Protein chains: 2
Amino acid sequence: MDIAIPIFDGITALDAIGPYEVLSRLPGARVHFLGVDEPGPKRTDNRMLGLHADGALTDLPHPEVIVFPGGYGTRGLMNDEGILAWVRAAHETSQWTTSVCTGALVLGAAGILNGLEATTHWLLLDKLGELGATPVSRRVVEQGKVITAAGVSSGIDMALTLAARMAGEDIAQAIQLAIEYDPEPPFDSGSTAKAPPRIVEMARERS
Amino acid sequence: MDIAIPIFDGITALDAIGPYEVLSRLPGARVHFLGVDEPGPKRTDNRMLGLHADGALTDLPHPEVIVFPGGYGTRGLMNDEGILAWVRAAHETSQWTTSVCTGALVLGAAGILNGLEATTHWLLLDKLGELGATPVSRRVVEQGKVITAAGVSSGIDMALTLAARMAGEDIAQAIQLAIEYDPEPPFDSGSTAKAPPRIVEMARERS
């Protein structure tokens, strides 16, 4: 089972690594980090880390699973016809097409979210409407084989949901235990509905 | 503020990337991924991903913050006197010395956990006792400037705790919102206390 995670300069690392850490533990899974342009290291949004792409998108035209991560680098991808063409063709034969954070905007730009409910990072939820989707403020949105997740850390929840669909709930739960995903955030400010208004404003200004 | 994350072949990626995604957003933070031996790509535990080390441990003898991630690769590090010497010397001048998952075993092998409460991945909690620590089954254990976290995903909670200590609760909460960390695991099986016994057994067998 080939799982493609496209990576690019300006990626948000946790968008990709959350789902990778879950899905790589599925029986028979082979996760491929693929450069959207070419193989080699891709620098993250803050440029503090390089994730190594072992191949390029064109090396794997028909993965069973697509996980498109986000980051400000997705802005450029939304207008790149070569990348959008790969996404469309891969989606035609995929079993699952998924995104985390602003990865949804690339799926949207490729036309895949047309008429579907979808989500992305809370700061960019409005953008999804412009791309033909119905934006919904939920952590994980399932629409048939298309699953979109909200910002950054939500990819872990999305991937556990997907793991259960693919391999059953027992395996998904065993993976959850293996990565000891029993979250205890020290604060309750992980969504705009819960964070105090001044924190929402601060997060907006810092973004 | 220099934050050192030692990386090595056999690392569990999320151990490092969870804290990185939080701490890199602190004002003035510079996160350095440092190869324990030399710069270059380090392959993860399943060999499906290369994380690029831009420098080596010896390039940064006195970081303000140390985050030691885990993975089966830590087994070899526990007997590597050069690495343990770096950990000891860096800890002498650090403001914070932290670990995720089996990174705690490296801190323990360096003598840093002597007489302290500490935690690690549930599968290896007993090992901490052999290294002079008092093992405790908690997600994040603070002992002065030494903070240890449980398995893999717990590094996110540890880093948010640390972010609050370093920069105040408002900034920590704004970071939590920026990475939209409002966890909704689809199952409640993230700890041995919560998972059904057959899931614990399955996770143990698969490890």
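Mentor: Strand S2 (residues 30–35) of chain B runs parallel to S5(B), and two bridges join them. Helices (H or I, at least four residues) and strands (E, at least two) are DSSP runs, numbered from the N terminus, and two strands pair if DSSP finds at least two bridges between them. Within this pair, Leu34(B) has Gly55(B) in S5(B) as its bridge partner. This is a predicted model, in which local features need pLDDT of at least 70 and side-chain atom pairs count only at pLDDT 80 or more, while totals for chains, interfaces and linings use all residues. Residues are numbered from 1 along each chain as its sequence is written, chains are lettered from A and ligands numbered from 1 in the order in which they are written, and side-chain values use heavy atoms, with hydrogens and water left out.

The pair belongs to an open sheet of seven strands in chain B, ordered S5-S2-S1-S6-S7-S11-S10, with mixed pairing. Strand S5 (55–56) and strand S10 (140–143) of chain B stand at the edges with a single partner strand each, so one side of each has no neighbour in the sheet.

H1(B) lies across strand S1 (2–7), S2, strand S6 (65–68) and strand S7 (96–100) of chain B, at about 160 degrees to S2(B). Helix H3 (residues 81–93) of chain B lies across S1, S6, S7 and strand S11 (146–149) of chain B, at about 145 degrees to S6(B). Axes are lines fitted to C-alpha atoms, for helices over the stretch in contact, and angles run from 0 to 180 degrees between N-to-C directions.

Helix H1 (residues 13–23) of chain B also packs with helix H6 (residues 154–167) of chain B, at an angle of about 30 degrees and with the axes 8 Å apart. H1(B) and H6(B) are therefore roughly parallel (angles under 35 degrees). Their crossing is right-handed (the near helix is turned clockwise from the far one by less than a right angle). On the H1(B) side the contact includes Gly18(B), Pro19(B), Val22(B) and Leu23(B); among their counterparts in H6(B) are Gly155(B), Ile156(B), Met158(B) and Ala159(B). The residues of this contact divide into nine nonpolar, two polar and no charged, where Ala, Val, Leu, Ile, Met, Phe, Trp, Tyr, Cys and Pro count as nonpolar, Asp, Glu, Lys and Arg as charged, and the others, Gly among them, as polar.

Note on methods. Parallel < 35°, antiparallel > 145°, perpendicular 65-115°, else oblique. Contact = heavy atoms within 4.5 Å.
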